[in-house]
Every structure is written in C-alpha cells, then in structure tokens.
Amino acid sequence: MKMSNWYQYYFLDSMSYQMEQSVFFYDSVMILIFSIAGFVFMIYFMISLTSFSSSMLIEDSMLESLWTCFPMILMVVLVTPSLRLLYLLEESLVSEILFKTVGHQWYWSYEYPQFFVNFDSYMLNSLDINEFSYRLLDVDNRVVLPSLTPLSVTSTSEDVLHCWTMPSWALKLDSIPGKMNQVKLVLSKNGISYGQCSEICGANHSFMPIVVEVISFSMFMSWVSNF
Ligand SMILES: [Cu+2]
C-alpha cells in the first residue's frame, strides 16, 4: 500500500518505472551536490587556516582553466542522465490501455474507452468507512489498472482546474477544462495507491481523493469484462 505516513522524510516506494528512474536520478544528483558542498566547505576551512602567503597572486591561467573546465564537465555529467530521464518519461509504447480521468467539483469520473467502462468516484462519507479504510482518503469506486502493462493516462476537467496526482507513481497530471493532458507509464508493482487532487479547485478540494488498485493484467481483464 502506497501512501505517506508521519515522519516520512523520503519518497514513497515507487510503483512505476518512471518513478524508480526519477528517484535514482535524484540520488545520484544529491551525491554530486553533497560532494561539491563538501569541497567548498573544505576550501573555506583551509582559507581560515592559511597564512595568506599567496594574497599578492593576480594571475594563474592554469587555475583559471581548471575552474572553468571542471564545472563544465560537472554540467555534462548532470545533463546526460537528466535528458535520458526526460525522454524516458515521454516514451511512447505500443498496445496501451487507455485510461481517462475527468475532474469535477468535487469528484473524479473515470473512463476506459476501449472497454466502454465509465464510473464516478466519490470520497467515502465518514459514516461509511470501516476499520480497513482511511478517513478522507478512501472512495466508493476505486480505479483498477493492470501492472506491467503500458498505460496511457489522460486527464481533463468538466469545470475548473484540478490535478490528478499519484505520489507513488511520481505523477501529477493537470486536469484543464477544454484540454487533454496525457502521460505514458508502466506500473511496476501490484498494490493500492492513494492520491489527492492537487490543484485548488474550490470548497471541497480536499475531499476528492483518488484510490487505484493495481492488479495483474489477467485479473484486470476479468474485472473490466465483468464490470
Ligand atoms: Cu482540487
């Protein structure tokens, strides 16, 4: 089950390959940033101990070449995995399951156009929740999606701006009236993901949560054919 908990200071466990790659990129960038920061603080420390023997130095072409080229190399080291990730996030895949989310004030409706399935999804009233559901986070009709299958998720809105957000997939898809936003992704694990609307959309913005059950492709096909 993928949702945020108290005292959690790192990302959620990833449920999509895109998020796995994003977290990996974040980790490698942080290693680089902390190394640079460590180096800079080491120089500060060394300056505080120096006897200022080279305070009359006004020119050193070797040093200048070094401090020009070294950051350039670092930028290339940063930009290569960054561009790779950018293209990976936009990767177009064949044989996709199409899935459409539509934001309303204040609920979501979902469509599977290939299977002619569509339904609305409202937050559960606090009188309807049981000991297995989360207050203000569970819905009456959960989304069901297959894992290890290329998905094409589109989002739009019927009224105002909304945002279909799933933190464990590293996905924020803006729902804009009159416009379709699309993202391609592959979910890597089975489980339940919780998300919320992330674009302030009116009085009940906090009360239109998203719950997705990710199951195997064969289970998904039997669910969708028996809907
Ligand atoms: Cu909202």
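A salt bridge here is a side-chain nitrogen of Lys or Arg within 4 Å of a carboxyl oxygen of Asp or Glu. With that rule in hand, here are the close-ups; keep in mind that this is a predicted model.

View 1. Where the two meet, domain 1 puts in five residues and domain 2 puts in 10 residues. Together they bury about 570 Å², and carbon and sulfur atoms account for 52% of that area.

**View 2. Zooming in on the domain 1 side.** Three residues do much of the work here: Tyr 17, Gln 18 and Met 19 supply 79% of the area that domain 1 buries against domain 2, more than any other three residues. What holds the domains together in terms of charge pairs and polar pairs? Across the interface of domain 1 and domain 2, the rule turns up zero salt bridges, while the count of residue pairs in polar contact is three. Helix α1 (residues 17–49) gives the largest share of the domain 1 side, with four residues. Sorted by class, that side of domain 1 has three nonpolar residues, one polar and one charged.

**View 3. The two annotated transmembrane stretches.** An unreviewed UniProt entry marks residues 24–45 and 65–87 as "transmembrane region". In the model, residues 24–45 come out as 100% helix and 0% strand, with the end C-alpha atoms 32 Å apart. Residues 65–87 are likewise 100% helix and 0% strand, and their end C-alpha atoms are 33 Å apart.

**View 4. The wider annotated stretch.** From the unreviewed UniProt entry also comes the feature "domain: Cytochrome oxidase subunit II transmembrane region profile", placed at residues 3–93. Over residues 3–93 the chain is 68% helix and 0% strand. The end C-alpha atoms of this stretch are 28 Å apart.

**View 5. Leu 32 and its contacts.** Leu 32 belongs to helix α1. Which residues does Leu 32 touch, leaving aside those up to four places away in sequence? The answer is Leu 74 and Leu 78. For a sense of scale, pick Asp 128, which is 96 residues from Leu 32 along the chain: the C-alpha atoms of the two are separated by 49 Å.

**View 6. A salt bridge between Lys 184 and Glu 96.** Searching the whole structure gives four salt bridges. One of them pairs Lys 184 with Glu 96, and the closest N and O atoms are 2.9 Å apart. Lys 184 lies in strand β8 (residues 181–186) and Glu 96 in the loop between α2 (61–89) and β1 (97–104), so this pair ties together parts that are 88 residues apart in sequence.

**View 7. Two backbone spots to check.** Most residues other than glycine have a negative phi, and most peptide bonds are trans. The peptide bond from Gln 105 to Trp 106 is cis, with omega near 0°. Trp 106 is found in the loop between β1 and β2 (107–112). Further along, Leu 136 has a positive phi of about 65°, although Leu 136 is not a glycine. Look for Leu 136 in the loop between β3 (117–121) and β4 (143–146).

Methods:
Residues numbered from 1 in each chain as written. Predicted model: local features only at pLDDT ≥ 70, side-chain atom pairs only at ≥ 80, totals over all residues. Heavy atoms only, no water. Contact = heavy atoms within 4.5 Å. Buried area = accessible area lost by both parts, 1.4 Å probe. Polar contact = N/O pair within 3.5 Å; in protein donor to acceptor, adjacent residues only side chain to side chain. Helix = DSSP H or I, 4+ residues; strand = E, 2+ residues; numbered from the N terminus. Nonpolar A, V, L, I, M, F, W, Y, C, P; charged D, E, K, R; others polar. UniProt positions renumbered as here; feature names shortened; annotations may be inferred.
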